[in-house]
Amino acid sequence: PVVYFNDLETDTMYRDMSPSYANAVRETQGGEMIYSIPRIRRNIANFILVIDPADYHQLKLAMFIESIVAQRIPVRVGLIVMHGKNASQSELMMSAFHYINNNEGSAEALEFISTAARLADEKFRTLQQQGKKAAATVEFAPEDVSYCVQET
């Protein structure tokens, strides 16, 4: 299922945006039409990302989602977490993500997946700086909620 992290129509962080569709298309001084993401309080622009949370490169995209929400970009953002090549690690991350979403809420689920991405990114960069090769898989240890990028 898609987990949405924001709702432009109901979230208070978007209340200063107009709900009017008239703001969807604006004109420049020269009369040329400009098409962009309209800054209106409607869920008309959606961005749904599908990731395998055990894949380092895909997991990093969670930080992008967090950035869209934090910057109040008028796009409804959702995430689908799925199995990948490392099914056992993907399943652990999926289970934890959905448990947090169902019991704590989508903001906490986004924080969880973004934290995993940041920790994996730090480990990946450290290994690279040490001149070591790093696998693009993330290992999740639920007993201590730690993440690592495996050295190859």
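1. The side chains of Glu66 and Arg118 meet in a salt bridge, with N and O 2.7 Å apart. Glu66 belongs to helix H2 and Arg118 to helix H4, so this contact ties together parts of the chain that are 52 residues apart in sequence. Glu66 is partly exposed, at 25% relative accessibility. Arg118 is also partly exposed, with a relative accessible area of 32%. The model is a predicted one, and these values should be read with that in mind.

2. Lys60 forms a salt bridge with Asp121, and here the closest N and O atoms are 3.9 Å apart. The pair links distant parts of the chain: Lys60 sits in the loop between helix H1 (56-59) and H2, while Asp121 is in helix H4 (residues 106-129), 61 residues apart. Lys60 counts as partly exposed at 28% relative accessibility. Asp121 has a relative accessibility of 10%; because the cut-off for buried is under 20%, Asp121 counts as buried.

3. Salt bridges with shared partners join Lys60, Asp121 and Arg125 into one network.

4. Arg72 forms a salt bridge with Asp16, the closest N and O atoms being 2.4 Å apart. Arg72 lies in the loop between helix H2 (61-70) and strand E5 (76-81), and Asp16 in the loop between strand E1 (3-4) and strand E2 (26-27), so the pair ties together parts that are 56 residues apart in sequence. Arg72 is partly exposed, at 24% relative accessibility, whereas Asp16 is exposed, at 59%.

5. How many salt bridges does a search of the whole structure find? The search finds four.

6. The strands deserve a separate point. Three of them form an open sheet in the order E1-E5-E4, with mixed pairing. E1 and strand E4 (46-51) stand at the edges with a single partner strand each, so one side of each has no neighbour in the sheet.

7. Which way do E4 and E5 pair, parallel or antiparallel? The two strands pair in the parallel sense, over six bridges. In general, the strands of a sheet pair through backbone hydrogen bonds.

Terms used
Residues are numbered from 1 along each chain as its sequence is written. This is a predicted model: local features need pLDDT of at least 70, side-chain atom pairs count only at pLDDT 80 or more; totals for chains, interfaces and linings use all residues. Side-chain values use heavy atoms; hydrogens and water are left out. Helices (H or I, at least four residues) and strands (E, at least two) are DSSP runs, numbered from the N terminus. Buried means under 20% relative accessible area, exposed over 50%, partly exposed in between (1.4 Å probe, protein chains only). Two strands pair if DSSP finds at least two bridges between them.
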